[in-house]
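Student: I have a structure to go through. Can we start with the terms?

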Amino acid sequence: MFSTGKVNLFVLFAAMSYVRQSEAKGNCSNDRTETVMEKLLDFVKELKQISSGTDCKNNHHKSIAFYATLSKSLTISGSSTVVFDKIFTNTGDAYNSKTGIFRAPVKGLYYFDCTFCPCSGNDDITVAVDAGWQKRGSGRSYDSLTGHCSMIGTRTGMILDYSLRSRTCRVCVTARRMKKIPKVHTCRKNYSGSSKAMEADMVVQMVADARIKGTNIMTIVGDEDATTIARLRNKVDKSIIKLSDSNHVKKTLGKSLFALRNKHSRLTTKIIYYFMKCFNFLVAQARGRPEEISKNLPALSKHPFGDHTSCDPSWCQSFEDSSMKFRSLPYGKPLKDKQLQASLSTLFSNYITQSEKLAKLESTQGNESFNNTVASKHQKNRHYGSSGSLGYRVAASVIQKNKGHKYLVDANRTAGLSPGVHTSKVSALRDLQYKKRKAIAITKKAKLRRLELKTERNQDISSCEVREGISYQSGIDMEESRLDPENITEIPPPRNSRIEASPKHDSVTEIFFDIEATGLSRSSHITQLAAKSAAESFSRFVLPQHQITPKAAEITGLTFENGQLLSNGNVLPAVHIKKCLNDFISFLEKTKNNVLIGHNVQTYDCVLLYTSLQKCNLLDKFKSTVIGFIDTLPLFKLSHPGLNSYSQTNLFETFMSKSYEAHRADEDVDALCTLVNKKIELNVHFEKVYIPECVISDKFNSIKELHKNLPSLKLLIDRKILSLGMARIIASSGLCLEHLKLAFSRNGCKGIKDLFTEKSGSGVRVTKSEKIIRQVSDFLKE
């Protein structure tokens, strides 16, 4: 019984029990640790006792507090007294550890805090451990001054304990530098070993402390990078079990497969990820059954090669139907490289001996996630470990991991502050976003998308490295022999068209145009340019740079004689091409959002116009006046299907029941304007037939590259290595024979494949055909 008189004393009582619990119920996630309680006791000791009256005038300077735990787990039935027999603090000797009774020496208000954890009956629990450092290692040097380690329950996913290590203290360092005795302070230096040994030291301490407090940790999940388990068995318990981390096992397999790629060029990145996917599936499906893993592992080196003798009907569809396609392998066909199969067989046979370990894989992904949270609060280019700041940042990360972002609200309230509405809303929103991301991330669709994105990134990086040659390498600038033009010459990248949204039809200015030329080829010269808007018309005859072909003269009636342009023998007022184009641009500048409309302009008129504009250095100026084009040839096919002919003259005769003076640019423009306005609802089909100016520019550039690069590929065409059509695709993509030689010299057959299959727009730059890639590679070998 405790007497309660006037409030004249504040005493903290804390009784904590680390009774082992079933993690499945998740009841130990909020256990207060010994360190936390000691800090609270220090705070209590610093409080001034509030007293009034005469009852405690002789005792108001005395502190009364104790902190005790159970030394072992207890089974409680009915009404009984729980004796906390392990005392950490007993100021005032008011608590008896033998009877479990606290006798109040003075009247007052006493505060008691007691925490229990129910036990399921199984004394052994499994935890995942992983450390993080506040400075990045270089691969050869690990010299971080600080580190932290988390211990997470594998069932609850909660952090059960954490630990910090610091090799320096700011106060001590400052005093030493000034050659003074350090002032009385809480020294932050608690470790003097190397950074590499921090993880093992922290894990040993956490497991040992947990056992002292009654938590029997018998299984540790960790990576293969440290001697943690050996030190645990040496210092704590020889019977502690070690389980491997599934992510590290997968990474180790990936490194082994990528190492094989140096010997087997057919082992592409896509095939490597296929083997890793099969391995992951096999291990996941046979969890807890090592004999099944041993039985199925040999199939990994047989199944992809069409040999299903070691397959199981439960997962191999080809076991009964050998015609099934391999969706994840090139062209859906099995692999055929026998040497690669032998190497893979040797690799996977090593894993058969590890089947017991593979059947019990766990994950330290929760620890990795916690390390990322710590990194967000402690950037690795900053040092906070010499003061208490690191401890606060890691502690904030721990509570964020266990309770979510709502800890910010709780922290404000505990500090006596009222959390703002914005803080509360943001905390709730962050927790909701985290739960949503976590729920999405475990779906099949999300996992497939991650694999797809990873494959795309690897493909992009590989293609860029082939195109760029040697760009960054340790000490490369000292090796002049490797800096020859062949190693640093860049192969041009593929063109990726900009994606532009179609403007609204009522916001554009429609301008009909037409061109007459010296011939029917796309290298012909312009002889007449005409255009028409709703308010004005434009027409100019042009003096051509070479003779008009007989066929064109017959069609248009134009001839070029003695430096004059004639129409049926009559001299026409013709100007120089640059004068004509400048006048045309001035005509376009009078309106905004111009869309040029013409018949069959995409493959003919636009090419002639862009060629002339480029020769006169007016192309950029012209582009600033036009936002897009509409080709009425596909427009009429879309709106009036089934006609015998879609030539402009036939369309005019069909719909208008009369003819006009065709093949005169001004007459053609008037006729087309009449046809479109009377027979086409342009606002209905506008989005389908609208062509952004950037698309026309890309096609024009492709034609230029084609004419420039195609001659260099003539030898491959003559030897039947490439068809003319494929050679044209290669040339128009910006590649010539020299570029192919550079790619092959840098990475052999894979270099050609990376170049040809590089992403371009919605497809690939050239082709995915293994046959063509192999033929080109064999030619370049010679």
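Tutor: Helices (H or I, at least four residues) and strands (E, at least two) are DSSP runs, numbered from the N terminus. This is a predicted model, where local features need pLDDT of at least 70, side-chain atom pairs count only at pLDDT 80 or more, and totals for chains, interfaces and linings use all residues. Residues are numbered from 1 along each chain as its sequence is written, and side-chain values use heavy atoms, with hydrogens and water left out.

Student: Ok, where is Leu74?

Tutor: Leu74 sits in the loop between strand E2 (65–69) and strand E3 (86–91).

Student: Is Leu74 buried, exposed or partly exposed?

Tutor: Leu74 counts as partly exposed because its relative accessibility is 39%; buried means under 20% relative accessible area, exposed over 50%, and partly exposed in between (1.4 Å probe, protein chains only).

Student: Switching topic, how many salt bridges are there?

Tutor: The count is 20 salt bridges, each a side-chain nitrogen of Lys or Arg within 4 Å of a carboxyl oxygen of Asp or Glu.

Student: What does Arg287 meet in a salt bridge?

Tutor: Its partner is Glu362, at 2.8 Å from N to O. Arg287 lies in the loop between H6 and helix H7 (290–296) and Glu362 in the loop between helix H9 (355–358) and helix H10 (365–377), so the pair ties together parts 75 residues apart in sequence.

Student: And which helix holds both Lys750 and Asp754?

Tutor: Both are in helix H27 (residues 737–756), four residues apart, about one turn of the helix. Lys750 and Asp754 form a salt bridge with their closest N and O atoms 3.0 Å apart, and both residues are buried.
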